[in-house]
Amino acid sequence: MEVLQIYLPIAGININILTLISIGIAIGMLSGMFGLGGGIFLVPILIAIGVPPQAAVAASTNQMTAASFSGFLAYSRRGRVDYKLGALMLFGGVLGAFAGMQTFEYLYDSGIIDIFVALSLFILLLVVGTTTARDSIRSLYFKYKNIEKPKFEHSSWMHKLNLPYQQNFISCRNTLSIFSPIIVGFTGGYMVSLMGIGGSLVMLPAMIYIMRISNAFIPGTTHFQIIFTTIVSTILHSVSSHNLDIILSTILIAGTSFGVQIGAKIGSKFQPENYRLLLAFLMFTLCIAVAYDLFIRPSSIYMVEYMR
Amino acid sequence: MKINTLKLLLLFLILPLTISARTSYVIADISTHEVAIDYRFKGQYVTISLIYDGESDIILAITGPELGYKIWKKEKRYGIWLNGQSYIIPKAKSYFSIAATKNIYEITDIKTLRKYNLDFNYEDYKAKEEYSPIIFESFRQEFTKYRQKLKLYPTQPELIEKTSNNNLLRTKLFLPEHTISGTYKLDVYAFRNGKMLSQTSSHFTVKKHGLYARVEFLSVQKTLQYSLISIIIALAAGATAGFIFRKDKS
């Protein structure tokens with residue numbers, strides 16, 4: 001097993017190559033099954049195995065480019081990408097990526113980046129995990145009782161706001177202001193740069209419940225937008241903080257590429273409500289791990305970092 | 001390495017003839033003058049061979065390049081552990097290791113040890129911020145513990161062992177995986193009755209090799225080019241996965 005150890009030049013640690021490939025495959029499987037970028041799981045896992053947080057965030061953004069591009073190609077072949085909507089989301093996403101990077105550097109200099117990321121992850125995992133678990137249990141209940149699930153008409157505050165420049169989109173029955181996708185894209189791009197997560201955990205519910213985008217177009221359009229925001233974020237991380245470890249991200253990408261396919265196969269064989277409950281369980285598990293770091297006294301109350 | 005050993009052997013044969021028995025002398029040779037960091041790197045031992053007068057007490061130290069550090073202290077606020085007070089050390093040793101023929105505090109007094117930067121329990125650095133000595137001391141201790149945990153700072157000196165020949169000494173010091181690139185200085189001191197009588201210095205480099213040297217260069221000097229390569233790799237991997245997926249479907 002010793003021959004499989006590899007030194008990561010930017011992260012500055014020696015790690016087993018099989019561990020990294022396994023992580024990549026596992027994250028890819030989650031991406032393929034649930035349509036997520038995987039960053040929300042990847043960043044804490046990398047930190048747990050000893051990768052410095054800044055290097056983990058940078059590698060995660062690069063890894064998401066591969067996963068999103070792979071997903072985008074699959075959906076674009078089926079004509080399930082709304083390019084007009086995606087371009088507007090992308091515009092917001094790029095702005096968000098720049099804003100997220102500024103915030104990242106400010107919080108990094110203030111020494112609260114890790115706390116901020118952990119607290120944001122905790123809240124996000126708790127809210128999205130609860131929503132996912134509730135929806136999944138509800139679906140399973142109706143399926144078990146063999147009764148038709150009632151359709152809820154979600155109110156959209158973005159429609160009620162009546163924002164200007166209303167446009168028609170192929171993915172949306174109603175007209176939509178161009179500002180709606182820009183705002184949602186901005187949130188996603190901001191999260192990519194700041195937390196190393198693709199933002200799909202926020203963008204997917206926003207597209208379903210707030211923008212009322214057709215389910216068929218959501219994953220493809222999200223992937224389309226994430227490709228570019230992760231590219232911008234990768235460049236920003238590399239140029240400003242020199243934290244991108246190309247060896248680490250390439251090994252992860254190799255694992256992810258296989259994992260996405262395995263995950264997509266598993267996903268197509270099971271009913272969505274079954275594996276969404278698994279997703280909720282994973283989110284709660286991660287939420288508890290994050291909470292432990294936040295609320296329980298750490299083994300050392302000092303943190304040392306060297307300045308590049 | 002063979003040439004170095006040969007030189008050392010020649011010196012070993014000639015020196016005792018030219019230097020009287022009372023004179024203190026020490027000559028050092030390092031097993032390598034370049035530690036290469038490549039994909040297999042997980043730390044490396046450096047062997048130091050010494051020829052000395054046979055009577056002196058020897059202390060040697062390896063000092064790595066200086067780095068700036070920032071230390072944070074976590075404090076519980078609103079039930080959450082947040083980073084509170086911090087201090088910056090503009091320059092401190094990124095690596096330090098020490099070896100001696102016996103307990104360094106028995107070889108000479110603390111004042112002399114500190115003069116030659118050999119007292120590993122004391123480091124003469126200053127913080128950017130001004131804190132009370134008690135607070136500074138707690139930060140200082142944690143900074144030392146941090147480097148000790150990464151094996152970048154000694155918890156106690158290594159032993160310099162005598163070989164079968166009385167004039168030849170040998171020790172091994174470890175450069176861990178967190179060792180940074182740069183020039184590392186070896187200082188060897190010969191003491192007798194607490195007085196430093198002879199000193200010699202040498203150096204070796206730690207540097208990344210091959211692909212790793214290229215990665216380090218690009219990641220710092222050509223950041224845009226470096227990030228574009230990473231993006232191309234990601235897109236190529238994504239496209240390959242997409243292609244295989246399509247093939248699988250049809």
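A salt bridge is a side-chain nitrogen of Lys or Arg within 4 Å of a carboxyl oxygen of Asp or Glu. Between chain A and chain B, the count of these is zero.

This is a predicted model, where local features need pLDDT of at least 70, side-chain atom pairs count only at pLDDT 80 or more, and totals for chains, interfaces and linings use all residues. Residues are numbered from 1 along each chain as its sequence is written, chains are lettered from A and ligands numbered from 1 in the order in which they are written, and side-chain values use heavy atoms, with hydrogens and water left out.

**View 1. Where chain A touches chain B.** Here 56 residues of chain A are in contact with 55 residues of chain B (contact means heavy atoms within 4.5 Å). About 5000 Å² is buried between the two chains, with carbon and sulfur atoms giving 66% of that; buried area is the accessible area (1.4 Å probe) that two parts lose on being put together, summed over both. Look for A:Y7, A:Y302 and A:V304: they supply 15% of the area that chain A buries against chain B, more than any other three residues. On chain A, the side that touches chain B has 32 nonpolar, 15 polar and nine charged residues. Here Ala, Val, Leu, Ile, Met, Phe, Trp, Tyr, Cys and Pro count as nonpolar, Asp, Glu, Lys and Arg as charged, and the others, Gly among them, as polar.

**View 2. Two chains, paired strands.** Strand 5 of chain A (residues 302–307) lines up antiparallel with strand 5 of chain B (residues 66–77) over six bridges. Strands are DSSP runs (E, at least two residues), numbered from the N terminus, and two of them pair if DSSP finds at least two bridges between them. Find A:V304 again: it stands opposite B:I71.

**View 3. A four-strand sheet in chain B.** This open sheet has the order 1-3-10-9, with antiparallel pairing. Its edges are strand 1 (26–30) and strand 9 (161–162), each pairing on one side only. Strand 3 (residues 44–52) and strand 10 (residues 168–175) are joined by eight bridges, and B:I51 has B:L168 as its bridge partner.

**View 4. A six-strand sheet in chain B.** The order is 2-12-11-4-7-8 in this open sheet, and the pairing is mixed. Strand 2 (34–37) and strand 8 (158–159) are the edge strands. Zoom in on strand 4 (residues 57–63) and strand 7 (residues 96–100), which pair in the antiparallel sense over five bridges; B:I59 has B:A100 as its bridge partner there.
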